[in-house]
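Let's take a look at a protein model together. Have the sequence and the 3D view ready, and we'll go through a few pieces of it.

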Amino acid sequence: MIAVTRAEVNLVIDGAEAAVRDALGILIPAARDLGLGEDQCGSLEILLAEVLNNIVEHAYRNRPGRIEVSMARDGKDLRLRLVDHGREMPESRLPDKPTLDYGPEMAALPEGGFGWFMIHDLAQDLSYRRHANCNELRFKVPV
Amino acid sequence: MNLTIERDDLARVIKAHDKRIDAAVAIQFKDTMRSLMADAPGRILFDMGEVEFVDSSGLGALVAVLKMAGRDQTFELASLTGNVSKVFRLTRMDKVFAIHTDTEAGLKSDAA
């Protein structure tokens with residue numbers, strides 16, 4: 001009986017949003033191999049899609065770049081770390097969790113803000129730091 | 001985006017044949033839906049049975065499409081699969097959209 005406890009995946013992306021789909025196709029199976037349950041894999045896919053889209057669109061501005069993803073099993077949690085070499089986050093901090101308030105007016109419904117809402121909702125111990133010209137995002141999810 | 005009109009009687013049923021409505025296709029999705037909805041006389045049901053994944057861009061696009069519905073039209077969803085339902089629940093968009101178990105249930109029910 002063996003247990004895989006850590007996975008390191010270095011992604012070299014070409015800058016297109018479609019690259020995120022390919023990245024998820026590698027990362028979710030890797031998380032599953034680390035013991036992440038099926039329902040949790042669904043949640044992690046949602047969370048990683050948002051985080052990776054942000055890196056592609058904002059950190060790398062749809063230009064090619066590298067994203068280093070580490071996943072480590074830590075008891076009942078899976079800890080993730082994503083490092084990219086792109087632009088710093090605005091104000092060098094994580095955006096706050098948006099408030100999604102839906103009033104009765106259809107025309108006033110928001111078409112954005114969902115991404116950071118879901119990131120804050122699904123990720124535990126979310127942290128960001130700028131370090132040696134890299135962005136480092138860390139969070140954990142329950143297995 | 002591969003979107004087809006499956007029927008056009010009790011409602012216009014538009015079916016998505018793409019597995020993902022996400023950042024990669026959000027703009028094309030909105031544009032294609034705009035064309036497919038433009039001359040629909042009344043209820044519009046969007047069959048998402050083949051869609052496995054919707055991200056925040058896809059959700060935003062669906063809200064934009066919802067807003068495209070004219071005064072005599074509706075835009076209702078059907079057959080949301082597991083992870084797609086989860087996104088709607090997390091964001092409480094399941095309280096904003098009319099969501100049917102499947103298109104048959106949608107067609108039988110009154111307009112949203």
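## Before we go on

This is a predicted model, where local features need pLDDT of at least 70, side-chain atom pairs count only at pLDDT 80 or more, and totals for chains, interfaces and linings use all residues. Residues are numbered from 1 along each chain as written, chains are lettered from A and ligands numbered from 1 in written order, and side-chain values use heavy atoms, leaving out hydrogens and water.

## A strand in chain B

Strands are DSSP runs of E with at least two residues, and helices are runs of H or I with at least four, numbered from the N terminus. Strand β4 covers residues 43–47 of chain B, and five of its five residues are buried (under 20% relative accessible area, with a 1.4 Å probe and protein chains only). One side has B:R43, B:L45 and B:D47, and the other has B:I44 and B:F46.

β4(B) pairs in the parallel sense with strand β2 (residues 12–16) over four bridges; pairing takes at least two DSSP bridges. Five bridges also join β4(B) to strand β6 (residues 74–78), again parallel. There, B:R43 stands opposite B:T74.

## A helix in chain A

Helix α2 (residues 38–59) of chain A has 22 residues, so at 1.5 Å a residue it should span 32 Å; its end C-alpha atoms are 30 Å apart, which agrees. That expected span is 1.5 Å times one less than the number of residues. In α2(A), 16 of the 22 residues are buried. Just after α2(A), A:R61 takes a positive phi of about 45 degrees.

Notes
Buried means under 20% relative accessible area, exposed over 50%, partly exposed in between (1.4 Å probe, protein chains only).
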